[in-house]
Amino acid sequence: MDHTFGKLPDHLLIEIFVRVPVSQWVHIACVKQHWANLFGGECLWKCALLKTWPLADQGDRWPGPIPRGSSKRRYEALYVSKHIIGFVGEIDEIMGHTYLFLKEQLELSVMPPASGFLHGTIIDQFIACGKSRDKAHEFASQIWLAVIDNLDDSEQTFLLLRCLAQEGDVFLPYPYSRSFKVQWRVFEKLFTDFRDCFDGMDYYDILACAKLRFQPIPSAWLGY
């Protein structure tokens, strides 16, 4: 390796690396410290961004509370928009940035911000970008569902979903209230994917919250 790739200049290494499938980038960065430094720098990600999404730099910077960030952040946001959210039509970068923002806030090791605050930030971001209230509500719901479906199966996620289930946002005006689909998905994951995490008291408390919001509730949610 020291007699071949080890002697290539950085700009040629970057041109090679950005042509390797994304799934291999983590492994490449582990080969040697110098390569890890390339993946930690701005040049490689700017090259990858322009190669994969050549029109990305033609868009205007958007207003609102969620920034565009570095080339690496922008690459991640565009990747999320296409491969995780599955945004139909022209890829909208702000969808990926909003997904990353919400997921990171919900996965904070300490108590995350209230979901109403996070949802309001997302709605304000889309409205600042010129989306209508209905579109902002639709996009926010789409992002919430994608984030909930991609949280790790861990105790922290169980505690987070339990907290979201017990929060009430019925007094928030439209479009600042979470959609029916989002609230349903929170309870659905709790009663299916995390059923074994409940103790008796927790289960009946969350079941009571579900009965207040949904009538009828699925029989699969019953029978602790």
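**Close-up views of side-chain contacts**

Phe-214 is buried, as is Trp-221; buried denotes under 20% relative accessible area, exposed over 50%, and partly exposed the range in between (1.4 Å probe, protein chains only). The model is predicted, so local features require pLDDT of at least 70 and side-chain atom pairs pLDDT 80 or more, while totals for chains, interfaces and linings use all residues. Residues are numbered from 1 along each chain as its sequence is written, and side-chain values use heavy atoms, with hydrogens and water left out.

**View A. The aromatic pair of Phe-214 and Trp-221.** Aromatic pairs are rings of Phe, Tyr and Trp (its six-membered ring) with centres within 6.5 Å; planes under 30 degrees apart are stacked, over 60 edge-to-face, and the rest tilted. The count by this rule is 23. Phe-214 and Trp-221 are edge-to-face, with 6.1 Å between centres and 75 degrees between planes. Both residues also belong to one aromatic cluster, whose members include Phe-158, Trp-184, Tyr-203 and Tyr-204.

**View B. Arg-178 over the ring of Trp-144.** The charged end of Arg-178 is placed 5.8 Å from the centre of the Trp-144 ring. A charge counts as sitting over a ring if NZ of Lys or CZ of Arg is within 6 Å of the ring centre and within 35 degrees of the ring normal.

**View C. The salt bridge between Arg-19 and Glu-15.** A salt bridge places a side-chain nitrogen of Lys or Arg within 4 Å of a carboxyl oxygen of Asp or Glu; the whole structure contains 10. In this pair the N to O distance is 2.7 Å. Arg-19 is exposed at 53% relative accessibility, whereas Glu-15 is partly exposed at 33%.

**View D. The salt bridge between Glu-104 and Arg-73.** The N to O distance here is 2.6 Å. The pair links distant parts of the chain, with Glu-104 in helix α6 (residues 93–106) and Arg-73 in helix α5 (residues 71–83), 31 residues apart. Helices are DSSP runs (H or I, at least four residues), numbered from the N terminus. Glu-104 is partly exposed at 39%, and Arg-73 is partly exposed at 21%.

**View E. The salt bridge between Asp-92 and Lys-131.** The side chains meet at 3.6 Å, N to O. Asp-92 lies in the loop between α5 and α6, and Lys-131 in the loop between α7 (115–128) and α8 (133–149), so the pair ties together parts 39 residues apart in sequence. Lys-131 is partly exposed, at 28% relative accessible area. Elsewhere, salt bridges with shared partners join Asp-149, Arg-185 and Glu-188 into one network.

Conventions. Helix = DSSP H or I, 4+ residues; strand = E, 2+ residues; numbered from the N terminus.
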